[in-house]
Amino acid sequence: MATLMLKLMLPLLFLFMIPPKTAYAEFEQWCVADEQATVNELQAALNWACGKGGADCRKIQVNQPCYLPNTLKDHASYAFNSYYQKFKHSGGSCNFRGAAMTTEVDPSHGSCHYDFIP
C-alpha cells in the first residue's frame with residue numbers, strides 16, 4: 001500500500017515543482033486600423049493620434065522602418081498602436097471613433113516592430 005501511495009504522490013510532487021508560465025503572454029494585444037473604417041475616419045484618427053494624441057509617429061515617416069507599405073491603413077495601425085501602448089494603463093483605449101480594433105496577432109512585419117507593453 002505504501003509503495004502504491006508513493007507511486008501516486010511522486011508525479012504530483014514533480015508537478016508542483018514546475019514554475020507557472022507568465023500569464024501576460026496570453027493577453028498580448030495590439031491596436032490596429034479596423035478593416036471597415038472609411039478613408040476619412042482613418043485619416044482623421046491618424047491625424048489626431050500623431051498630433052494631440054501623443055503617439056510616436058516617427059517610424060512611419062519616409063525612410064523609416066514602418067513607412068512601407070505606404071498605405072493609410074498601415075500608417076494608421078502603427079500610430080494607433082503607439083498611442084494605445086503608451087496610454088492603455090492610464091485610460092487610453094483602442095477605439096479612435098470606431099476606426100480601430102484590438103488584435104492578439106502581432107502586426108509587426110519585416111523591420112517594422114509594433115511595441116507591446118505588458
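Which residues line the largest pocket? In this predicted model, the lining consists of Glu41, Ala44, Ala45, Trp48, Tyr83, Ser93, Asn95, Phe96, Arg97 and Ala99. The space in the largest pocket amounts to about 220 Å³. Sorted by class, its lining has 6 nonpolar, 2 polar and 2 charged residues. H2 gives the most to this lining, with 4 residues.

Helix H2 runs over residues 39-50 and has 12 residues. From its first C-alpha to its last it reaches 16 Å, close to the 16 Å expected at 1.5 Å a residue. Leu42, Ala45, Leu46 and Ala49 of H2 are buried. Seen down the axis of H2, these buried residues fall within an arc of 105°, so they line one face of the helix. In an α-helix there are 3.6 residues a turn, so residues three or four places apart point the same way. The buried residues of H2 pack against strand S1 (30-33) and helix H3 (72-87). Ala45 is among the buried residues of H2 and is also one of the residues lining the largest pocket.

The loops hold some backbone features. In the loop between H2 and H3 lies Pro69, which is joined to Leu68 by a cis peptide bond with omega about 0°. Asn63 is placed in the loop between H2 and H3; Asn63 is not a glycine, yet has a positive phi of about 70°. Asn63 is exposed, with a relative accessible area of 72%.

Phe96, one of the pocket-lining residues, sits in the loop between H3 and strand S2 (100-103). Phe96 has a positive phi of about 50° although it is not a glycine. Phe96 is buried, with a relative accessible area of 11%.

Note on methods. Residues are numbered from 1 along each chain as its sequence is written. This is a predicted model: local features need pLDDT of at least 70, side-chain atom pairs count only at pLDDT 80 or more; totals for chains, interfaces and linings use all residues. Side-chain values use heavy atoms; hydrogens and water are left out. Helices (H or I, at least four residues) and strands (E, at least two) are DSSP runs, numbered from the N terminus. The expected span of a helix is 1.5 Å times one less than its number of residues. Buried means under 20% relative accessible area, exposed over 50%, partly exposed in between (1.4 Å probe, protein chains only). The arc is that of the directions from the helix axis to the C-beta atoms. Contact means heavy atoms within 4.5 Å. On a 1 Å grid over the protein atoms alone, a cavity is a set of points where a 1.4 Å probe fits but cannot get out, and a pocket is an open set with protein on both sides within 12 Å along at least five of seven lines; lining residues have an atom within 4 Å of a point. Grid points are joined across faces, edges and corners, and a volume is the space filled by probe spheres set on the points. Ala, Val, Leu, Ile, Met, Phe, Trp, Tyr, Cys and Pro count as nonpolar, Asp, Glu, Lys and Arg as charged, and the others, Gly among them, as polar.
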